[in-house]
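Dear colleague,

Please find the structure below, together with its sequence. My notes on selected side-chain interactions follow.

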Amino acid sequence: MHHHLLQSLRLCATGSNPFPSKTLHAHILKLGLDQYGALPNTLISIYSKHGLIKDAHQLFDEMPQRDPVSWASILTAFNRANLPNRSISIFPNMLVHDCLQPDHFVFASLLNSCAALNALHLGRQVHAQFVLSAFSSDDITKSSLVDMYVKCGAVDIARAVFDTIRLKNSVSWTAMISGYARSGRKSEAVELLRDMKVQSLFSWTALVSGLIHSGRFVSALRLFVEMKQEGIKIVDPFILSSVLGASANLAALELGKQVHCLVTKLGFESSLYICNALIDMYAKCSDIIAAKTAFRYTVKKDVVSWTSIIVGLAQHGKAKEALALYDDMILTGLKPNEVTFVGLIYACSHVGLVNTGRDLFKSMMDDYGLNPNLQHYTCLLDLYSRSGYLDEAENLLNTMPFEVDEAVWASLLSACKRFGKTQMGIRVADRLMGLGVEDPSTYILLSNAYAGASMWEHVAKVRKLMVVTDVKKEPGYSCVHLGKETEVFYAGETGHPMKNEMRVLLEDLDEEMRKRGYVPDVSYVLHDMGKQEKENQLFWHSERLAVAYGLLNGVPGSVIRVVKNLRVCGDCHTVLKFICSIVGREIVVRDASRFHHFKDGKCSCSDFW
C-alpha cells in the first residue's frame, strides 16, 4: 500500500495540476499513513513544485519526527518560491529543536539561499560548517559553493573550490565560466570553456551572456558567431535573448534583425522573453515602429512586454501613445512595476502633463505599494523643469529622500537658463560649486549662469577651477549605421579617407544654414581660443561627421541613424535641425540622454534633453 501511494504521488509530481496531489493527500490522511515512511517528505516536495508553499510549510510543521530529508525538502521549497530568507531563518531550528546535523542536500539548499541573497558572509559560514562535516568531500555541494561564490562576486574563491572538485559536472563548469565572464575576465572564461571535454550550449551561453553582462558586447558577439561555426545547436532561446540585448546596447540594428531572422528560423518566436528582447532591441536601435510591431505580435504579454514598449515610446518622444498603452495594460489586469512608472513619468515630461505625472507618482505609492527610487524623483524633476515649474523642482530637490548628485542639480540649472530664472540659477550654481563638479558640461552651465548674471568673478573662478582640477572631457565619438556597415567618428578627426568629401558637404550645408539664420553657439567650446577657432572646433564635432558620411554613403531617402557616447551639444542639436530640413531626410540620434528624431526642422525632444 505504502509503495503504491508513493508511486502515485511521484506520478502526480510530473503534472501541472495540484488537485490530484491534494486528493491523494486526503486519501493518505484517511488511511492514517500521513507520517509513514517517505510519504510526508514526498508531499512537501510535490507541494513545492506546484507552488503551494503554505501547504508544504504546514505539512512540515505538523511532522512529529523530521529528518534531514524533510529539512532539505522544505529549504528547497522556500528557495523555489523565491523566499531564500525564510530558508535561512528556519535553519537554526534544525540544529536546536530537532537536534539534527545538515547533510549534503541541506548544505546545497542553504548555499542556494545565500547565492540568491548575495549573502557572502553567511555563505562562508555555511562553507566552514560544510568543511567540518562528514560530507566535506561531496562534489555536488562543492558545485553549489562555486555557484554561491560566483554570484556573490568572489570569483577567485570560487575557482579555489572548483579546483578541489574531483568529478566536475556541467553545473560547476558553467558556474565558473559565468563567474569569469561576468567579471569581465574573458581570457580565463574562454580558457576554461576550452578545457571542457564536451562544450554544450549551456556552457557557451554562460560565456556569451556573462560577457554581455560585463559590457563586453563585441567580444560576446564574436564568440556567439564562433559557437555557431562550431556547430553547437541552439535548443534553448536564452542565448538569443542575450545576443539581442547586446545588439540593443550597441544600437546595432542590422545585427538585431539578423538575430530576429535566426529566432524565426529556429521557431522561437513564441518565447516570451525573446519577444520582450525584440521589443527592447528595436526600441533601443531607434526603430520604434518595428518595436511596436514586435509588441503587437507578442501573444501572451507580461508586465515586461508592456513596460518595454511604454519605456521605448517615452524615450522616442511618443508620450501620448505610451500613456494610452498604460491604460490598455491596466485593463488587462496586469500590475505595473517600478520601471513602468519611470517610463510613464518620463513620457509626461515631454508633453507637459504635470498633473498626470504627479498623479502617476502618487498612484505608484497609493495604488501599487511601490516606493519611488531616485530615478522616479529625477523623472518628476525633469517634468517640473521642462514645464517651467521650477519652484516645485527646487523644492523637490531639497526634500527628496536621496542624496542628489551633480547631474540632477545640473539638470535644474539648465532649466533655469531656459526659463530665464537668473536668481534661482545662481542658487543652484552655488550648490553645484559646493558639491564639487566633475562633468565638463556642468562647468559650461555654471560659467554661463554666472555670466548671465554678470558675476564675472565667479566666471573666472569656474574657469580657474577647470584648469586646477585639469578637467578633461571624455572623447566624443559617434557611430553611423548604414546597413551592415558601421563607421565611427571622433571629434576633430582628420584622417578619414573621405575627409575632403565630408568637409565640402558640411561647408555647403553651413553656408545654407547661415542663410537660414544659423549662428554658431561657441559657448559650448571649453577651450580658451578665438571665436573662429571655436567655430572650427564645432564644425568637426563627431555627430556632424557621422551625419555627413551617412548623407554621402547611405541609401537616398533612408533614415540616418547615429549613436553618440555623450550628450549631443546644443550647437550640434541646432545644426541637425537645420540639416534635416535642408536635405529632407530624417535623422535619428541616440545620445547618452535619450533619442532625438530630427525631421522637418524639428526635434522630438522639443529642445530639452
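Which side chains meet in a salt bridge at 3.4 Å, N to O? They are those of Asp280 and Lys284. A salt bridge here is a side-chain nitrogen of Lys or Arg within 4 Å of a carboxyl oxygen of Asp or Glu.

Before the remaining findings, a note on conventions. This is a predicted model, in which local features need pLDDT of at least 70 and side-chain atom pairs count only at pLDDT 80 or more, while totals for chains, interfaces and linings use all residues. Residues are numbered from 1 along each chain as its sequence is written, and side-chain values use heavy atoms, with hydrogens and water left out.

Salt bridges within helices

In total, the structure holds 21 salt bridges. Asp280 and Lys284 both belong to helix H17 (residues 272-284), where they are 4 residues apart, about one turn of the helix. Helices (H or I, at least four residues) and strands (E, at least two) are DSSP runs, numbered from the N terminus. Asp280 is partly exposed at a relative accessible area of 24%, and Lys284 is likewise partly exposed, at 29%. These classes take buried as under 20% relative accessible area, exposed as over 50%, and partly exposed as in between (1.4 Å probe, protein chains only).

Helix H23 (residues 374-386) contains Arg386 and Asp382, again 4 residues apart, about one turn of the helix. Their side chains form a salt bridge of 3.2 Å, N to O, and both residues are buried.

A salt bridge between helices

Arg427 and Glu394 are joined through their side chains by a salt bridge of 2.7 Å, N to O. Arg427 lies in helix H26 (residues 422-435) and Glu394 in helix H24 (residues 390-399), so this pair ties together parts that are 33 residues apart in sequence. Arg427 is partly exposed, with a relative accessible area of 41%, whereas Glu394 is buried, at 13%. Elsewhere, salt bridges that share partners link Asp156, Arg185 and Glu188 into one network.

The surroundings of His496

His496 is found in the loop between strand E2 (485-490) and helix H29 (499-515). His496 counts as buried because its relative accessibility is 10%. Its side chain makes a polar contact of 2.8 Å with that of Glu487. A polar contact is a pair of N or O atoms within 3.5 Å; within protein, one must be able to donate a hydrogen and the other to accept it, and residues adjacent in sequence count only if both atoms are side-chain atoms. Leaving aside residues up to four places away in sequence, His496 touches Glu487, Phe489, Met502 and Tyr549, where contact means heavy atoms within 4.5 Å.

With kind regards
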